Amino acid sequence: MARMLEWLNTHIAYWHWLVLGLLLVTAEIFVSGFVLFWFGIAALLMGALLILIDMPIALQLLLWAGISIGLVIAWYKLIRPQWKDRTTSGMAAEALAGQVGLALESNAGRNRGRLKFPAPILGEEEWQFICNEEVAIGDRVRVTDISGNTLIVTRL
C-alpha cells in the first residue's frame, strides 16, 4: 500500500485534477441534481492549488473532499434558496384564480380587454381577459377562471 501511495505521489500532477474537474463539470450535463458540478469545481481548485503548492496525495484527496462537501452545502443552504423562481410560472390553471391585475385596455363595446400582472403568470405579464361588465383602463381586476389563453375576470 505504501508503495502504491508513493507511486501515486510521483505521478499525480496538477493537470490530472484539472482534467477530473472538467470531466465532472461536463458530466453534470447528463446527471440531475447539480452536485457533480461542485465536485468538479473543487477538483479544478485543487489543480490550481497544486500549481502553487506541492502536497502529498492523501492531503490532496482530503482537501478535495472537504472543498467539495463545503461547496455542496453552500449551494443547498445559501445560494439555491435565493435562486428560486419568484414568478408564478408553472402554476396550475386552478391556481390562477384570485390573482389581481391592472387593465391596460378597456373592454368597452366588446367583452375582451388586456391586463397586466405585477409578476409574470405562466410566463406572461400581459393577458387578454373576458369580463361581463365594463372595465376601464387602470381598473383592478381579479381572475376567476381561465378559458384557453384568455382569463375570465371580475372588476374589483
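Visitor: Which residue stands opposite A103 in strand 2?

Guide: L115 does. Strands are DSSP runs of E of at least two residues, and helices are runs of H or I of at least four, both numbered from the N terminus. This is a predicted model, in which local features need pLDDT of at least 70. Residues are numbered from 1 along each chain.

Visitor: How many bridges join strand 1 to strand 2?

Guide: Two strands pair if DSSP finds at least two bridges between them. Here 3 bridges join strand 1 (residues 100-105) to strand 2 (residues 112-121), and the strands run antiparallel. They form a hairpin with 6 residues between them, where G109 in the turn has a positive phi of about 80°.

Visitor: What joins strand 2 to strand 3?

Guide: There are 6 bridges between strand 2 and strand 3 (residues 124-130), again an antiparallel pair. G113 stands opposite F129 in strand 3. That hairpin has 2 residues between the strands, and L122 takes a positive phi near 50°.

Visitor: Which residues are buried in helix 4?

Guide: Buried means under 20% relative accessible area, exposed over 50%, and partly exposed in between, with a 1.4 Å probe and protein chains only. I57, Q60, W64, S68, V72 and W75 are buried there. An α-helix has 3.6 residues a turn, so residues three or four places apart point the same way.

How values were computed
This is a predicted model: local features need pLDDT of at least 70, side-chain atom pairs count only at pLDDT 80 or more; totals for chains, interfaces and linings use all residues. Side-chain values use heavy atoms; hydrogens and water are left out.
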